[in-house]
Amino acid sequence: MLQILFFKKIFNKHDHFFVTFKRQDSTELAKKEKVYFVDDPKRNPIKLLKNTIQTFRILLKERPSVIITTGAGVAIPACYLAKVFGSKVIFIEDFCRTHNLSLSGKLVYPIADLFLVQWKALSKKHNKAIYGGPVF
C-alpha cells in the first residue's frame, strides 16, 4: 500500500479508487479515499475465487481505464479481469524484488501493458520490464 501512495500527486488528478485488503493502513486510507475491501486469497483457491468475484463486481461498477498495482494477492484477479474489461494494466514490482520477480509479478508479466521494476538487474533479465528506479 505504501509504495502506491508515492504516486498520490499523479492519481489525485484523476478519478481513482483502491482495491485492497482490510488492514490498519487501508482502513485509515478509506477515511480519505474511495476504497473497496476484498478478501485476501493467501494462495487458497476458495478464497481466490471469492476475491475474484468481489473484484469482478468492483470493476463492473467502476469500469477503470487503467489498473495500477504494486502486486500482492489482490493484483492477480484485478489485472486479469481488467484485461477482460479492456483496461490497461500497469504493474510496479515491489522494491524488495532485486533479482527475481514476485509470484504476482510472474503471473501478471505476460498481460501487463507496462511492467516497471525498481532494480536494473530485473530489467536486464526480463525484456518487457522497464527500469523506473525506486518509487520513494
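**Chatting through the fold**

Reader: Hi! Which residue follows helix 5, and what is its phi like?
Author: Gly 86 follows helix 5, and its phi is positive, near 85 degrees. Helices here are DSSP runs of H or I with at least four residues, strands are runs of E with at least two, and both are numbered from the N terminus.

Reader: Where does the model come from?
Author: This is a predicted model, where local features need pLDDT of at least 70 and side-chain atom pairs count only at pLDDT 80 or more, while totals for chains, interfaces and linings use all residues. Residues are numbered from 1 along each chain as its sequence is written, and side-chain values use heavy atoms, with hydrogens and water left out.

Reader: Back to helix 5, then. Which of its residues are buried?
Author: In helix 5 (residues 75-84), the buried ones are Ala 75, Pro 77, Ala 78, Cys 79, Leu 81 and Ala 82. Buried means under 20% relative accessible area, exposed means over 50%, and partly exposed is in between (1.4 Å probe, protein chains only).

Reader: And what covers them?
Author: The cover includes helix 4 (45-62), strand 3, strand 4 and helix 6.

Reader: Let's look at Thr 69. Where is it found?
Author: Thr 69 belongs to strand 3 (residues 66-69).

Reader: Does it count as buried or exposed?
Author: Thr 69 counts as buried because its relative accessibility is 9%.

Reader: What does it touch?
Author: Leaving aside residues up to four places away in sequence, Thr 69 touches Ala 75, Cys 79, Ile 90, Phe 91 and Ile 92. Touching is a contact, with heavy atoms within 4.5 Å. Two of those names, Ala 75 and Cys 79, are also among the buried residues of helix 5.

Reader: What lies 3.0 Å from a polar atom of the Thr 69 side chain?
Author: That is the backbone nitrogen of Gly 71.

Reader: New topic: rings! How many aromatic pairs are there?
Author: A search of the whole structure gives 5 aromatic pairs. One of them is Phe 17 with Tyr 36, an edge-to-face pair at 5.6 Å centre to centre with 90 degrees between the planes. Rings of Phe, Tyr and Trp (its six-membered ring) pair if their centres lie within 6.5 Å; planes under 30 degrees apart are stacked, over 60 edge-to-face, and the rest tilted.

Reader: Which parts does that pair tie together?
Author: Phe 17 lies in the loop between helix 2 (8-11) and strand 1 (18-20), and Tyr 36 lies in strand 2 (residues 35-37), so the pair ties together parts that are 19 residues apart in sequence. Tyr 36 counts as buried, at 16% relative accessibility.

Reader: What about Phe 95 and Trp 119, how are their rings placed?
Author: Their centres are 5.1 Å apart and their planes at 40 degrees, so this pair is tilted. Phe 95 is in the loop between strand 4 (88-92) and helix 6 (103-108), Trp 119 is in the loop between strand 5 (114-117) and helix 7 (120-125), and so the pair ties together parts 24 residues apart in sequence. Phe 95 is partly exposed at 26% relative accessibility, and Trp 119 is partly exposed at 34%.

Reader: Which residues form one aromatic cluster?
Author: Phe 91, Tyr 109 and Phe 115 do. Phe 91 also stands opposite Phe 115 in strand 5.

Reader: How do strand 4 and strand 5 run, and how many bridges join them?
Author: They run parallel, joined by 3 bridges. Strands pair if DSSP finds at least two bridges between them. Strand 5 also pairs with strand 6 (residues 129-131) in the parallel sense, over 3 bridges, and Leu 116 stands opposite Ile 130 in strand 6.

Notes:
A polar contact is a pair of N or O atoms within 3.5 Å; within protein, one must be able to donate a hydrogen and the other to accept it, and residues adjacent in sequence count only if both atoms are side-chain atoms.
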